[in-house]
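Here is a short briefing on how the inside of one protein model is packed. Look through the sequence and the structure before reading the points below.

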Amino acid sequence: MEYRKLGRTDIKVSAICLGTMTWGEQNSEAEGHEQMDYAIGRGINFFDAAELYPIPPKADTQGRTEEIIGAWFAARRNREKVVLATKMVGRSSSTYFRGGAISRLHREHIIQAVEASLKRLRTHYIDLYQLHWPDRPIQVFGGINYKHPDDSGVPIEETLGALGGLVEQGKIRHIGLSNETAWGAMTFLRVAQMTGLPRIVSIQNVYNLLSRNFEHNLSEISHREDVGLLAYSPLAQGFLTGKYLDGAKPAGARTTLFDRGQRYQSAGAETAIKRYIALAKEAGLDPAQMALAFVTSRSFVTSNIIGATSMAQLKTDIASISVTLPADLEARIDAIHQEVGNPCP
């Protein structure tokens, strides 16, 4: 396994991160524990969770994923072997996160969220605490049309100040963003520089062969500011494996069960998927492993977050770390991208 620095910290995380969002819904506690055991055995030291999980978000399952991880820590007594990341929701109309209140990124709710995650995770500290999405309203989940809102949300100074206090208390070690824009990332960095508050070390955004928008502006921030990408949905919710082609609905798959595949069912998506899969097969590669190897090999990526509902999927995904894409294959991937663009922003 390859390891990379997390921002400007002294922490090194595995280039592949174990995603956990199916645990407690599609996967049982025992299956989640089996995945963590296997991942640790393969050299993965980085797990990513969220107070929101499992997916799809529901009041009666919220927080269950963190509880499964906490039970594993208690059983294995190996908390120190894991760089643990989790997230709190941004502004949300769902009131079950905060006991009936609308969740916001102000001091009171940040403290409440961290304390609840620590309890569920059965740990005294979180290595990387991330804001799942901004407090200000922005178009980040599959949108392409910019709409300037009148509402600027909770001031970033207030949010960062609350997080800084938790860092001082030792409850969180470092902070990161998720589903964030270039303006948001640079504003967090500017406020940190002006105030001496903690600096963000990572940004967790979507990045895959169907959605390479991160390259346009945020990749330069990753390089120049040492705020590496934690790439989520590297297989585009499984669409890049080809399992949903031609309207297929495989039993047990997330999009089949929960009708949550709209982001990767946009115009042009299936044509692009078929071209990438054909290229992988021509190169003698598993389509999933080619897609994952592409993401992992980007210079602005700190870690590639994989998620699996079966051990077979998990083993295939982790094994992608050994796949090297030759320059001519990368050129052909880029050539397809030039023609199909980003059909699934």
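In this predicted model, Phe47 is in contact with Cys17, Leu18, Met36, Ala39, Ile40, Trp72, Val82, Val83, Leu84 and Ala85, leaving aside residues up to four places away in sequence. Phe47 belongs to the largest nonpolar core, which has 96 residues.

**Nonpolar cores**
- Phe47, Leu210, Tyr276 and Ile333 touch the most other members of the largest core.
- In soluble globular proteins, nonpolar side chains tend to be buried together.

**Cysteines**
- Cys17 has a relative accessibility of 0%, so Cys17 counts as buried.
- Cys344 is also buried, because its relative accessible area is 0%.
- The whole structure was searched for disulfides, and 0 were found.

**Helix α8**
- Helix α8 covers residues 269-282 and has 14 residues.
- At 1.5 Å a residue α8 should span 20 Å, and its end C-alpha atoms are 20 Å apart, so the two values agree.
- The buried residues of α8 are Ala269, Ala272, Ile273, Tyr276, Ile277, Leu279 and Ala280.
- These residues lie on the same side of α8 because they cover an arc of only 160° around the axis.
- An α-helix has 3.6 residues a turn, so residues three or four places apart point the same way.
- Thr271, Lys281 and Glu282 are exposed, on the face of α8 turned away from its buried side.
- Among the elements that cover the buried residues of α8 are α9 (287-296) and α11 (327-340).
- Gly284 follows α8 and has a positive phi, near 75°.

Key. Residues numbered from 1 in each chain as written. Predicted model: local features only at pLDDT ≥ 70, side-chain atom pairs only at ≥ 80, totals over all residues. Heavy atoms only, no water. Disulfide = S-S within 2.5 Å. Buried < 20%, exposed > 50% of the residue type's maximum accessible area, 1.4 Å probe, protein only. Core = buried A, V, L, I, M, F, W, Y, C linked by side-chain atoms within 4.5 Å. Contact = heavy atoms within 4.5 Å. Helix = DSSP H or I, 4+ residues; strand = E, 2+ residues; numbered from the N terminus. Expected span 1.5 Å × (residues − 1). Arc of directions from axis to C-beta.
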